[in-house]
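Subject: Structure for you to look at

Dear colleague,

I am handing over the structure below, together with notes on what was found in it. Please read the notes with the model open beside you.

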Amino acid sequence: MADNSTSSSSIKHWPEDDRPRERLVRYGEDKLSDAQLLGILIGSGDHRSQKNAVDISRELLQEFGNFQSIDRASVNELCSVPGIGVAKAAQIKAAMEIGKRMAAHSVGQRQKMNSCQSFVDLYAPFLKNLRKEIVKVVLLNQKLNIIRDLTISEGSVDASIVHPREVMIPAIKESAARIVLIHNHPSGDPTPSHADIEITHRVSKAGEIIGIQLIDHIIIGGSEYYSFSEEGFL
């Protein structure tokens with residue numbers, strides 16, 4: 001949505017229809033631009049630069065490009081934008097996290113995780129914008145209910161090493177019947193690497209010996225994903 005709001009002076013001096021809060025109340029949040037929504041989160045302007053909250057929001061979007069990149073940024077990186085301090089950066093990060101949890105909530109309430117898409121819907125909001133690889137194992141009972149999930153590896157942008165025992169030990173402790181591996185590719189390309197293929201093969205073989213089935217290995221790359229199960233490798 002284009003941002004047609006006034007770009008100078010204090011927001012309280014703007015016409016009422018241009019003020020972000022009043023516009024949201026009157027017309028709905030979907031009628032606000034990205035900068036106006038961020039402006040409501042930021043709340044106040046910067047006295048030193050004489051910029052209002054929407055001005056600062058525009059600079060934030062200009063610096064990072066979109067909400068996905070803002071989500072990926074650290075608090076310190078957000079604070080590099082003039083007018084953004086730790087408190088405002090924390091408000092922005094909190095709002096981003098609320099959005100992820102809302103997206104995942106309905107999926108997490110499902111009784112059965114019986115499709116690849118159900119795992120993507122639940123975990124992609126938390127993984128797709130990370131800068132380093134995070135590998136999770138999701139432990140499931142015989143009815144495909146989630147027992148729990150845990151992070152088994154946090155790697156660099158390039159690679160993350162996973163050993164089958166790191167997957168199977170918690171699965172055995174929790175009496176899991178089935179498991180799903182899920183991790184992200186910070187590059188945005190979900191195509192599996194040779195290491196991903198090898199890890200999948202090794203964990204699957206270990207599961208066959210122990211009696212715990214690896215039913216999928218899902219790679220999240222931005223808005224796309226790769227499923228070893230859907231591709232016929234499991």
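The second largest pocket has a lining to which α2 and α6 (86-108) each supply at least two residues, where helices (H or I, at least four residues) and strands (E, at least two) are DSSP runs numbered from the N terminus. This is a predicted model, in which local features need pLDDT of at least 70 and side-chain atom pairs count only at pLDDT 80 or more, while totals for chains, interfaces and linings use all residues. Residues are numbered from 1 along each chain as its sequence is written, and side-chain values use heavy atoms, with hydrogens and water left out.

A pocket here is found on a 1 Å grid over the protein atoms alone, as an open set of points where a 1.4 Å probe fits, with protein on both sides within 12 Å along at least five of seven lines, and lining residues have an atom within 4 Å of a point. The second largest pocket holds about 270 Å³ of space, a volume being the space filled by probe spheres set on the points, which are joined across faces, edges and corners. Its lining consists of Leu 24, Glu 29, Leu 37, Leu 38, Ile 40, Leu 41, Phe 67, Ala 95 and Met 96, and α2 gives the most, with four residues. By class, this lining has eight nonpolar residues, no polar ones and one charged, counting Ala, Val, Leu, Ile, Met, Phe, Trp, Tyr, Cys and Pro as nonpolar, Asp, Glu, Lys and Arg as charged, and the others, Gly among them, as polar.

Asp 71 lies in helix α4 (residues 67-72) and is buried, because its relative accessible area is 9%, with buried meaning under 20%, exposed over 50% and partly exposed in between (1.4 Å probe, protein chains only).

The largest pocket has about 370 Å³ of space. Of the 19 residues that line the largest pocket, those closest to its centre are Ser 10, Ile 11, Gly 45, Asn 52 and Ala 53. The elements giving two or more residues to this lining are α1 (20-27) and α2 (34-42), and α1 gives the most, with three. The lining of the largest pocket divides into four nonpolar, nine polar and six charged residues.

Turning to the aromatic rings, a search of the whole structure finds two aromatic pairs. Tyr 226 and Phe 228 form one that is edge-to-face, at 5.2 Å centre to centre with 80° between the planes; rings of Phe, Tyr and Trp (its six-membered ring) pair if their centres lie within 6.5 Å, and planes under 30 degrees apart count as stacked, over 60 as edge-to-face and the rest as tilted. Phe 228 and Phe 233 form an edge-to-face pair as well, at 6.4 Å and 65°, and ring pairs link Tyr 226, Phe 228 and Phe 233 into a cluster. Phe 228 is buried, with a relative accessible area of 3%, whereas Phe 233 is exposed, at 58%. Phe 233 is found in the segment after β5 (224-227).

With kind regards
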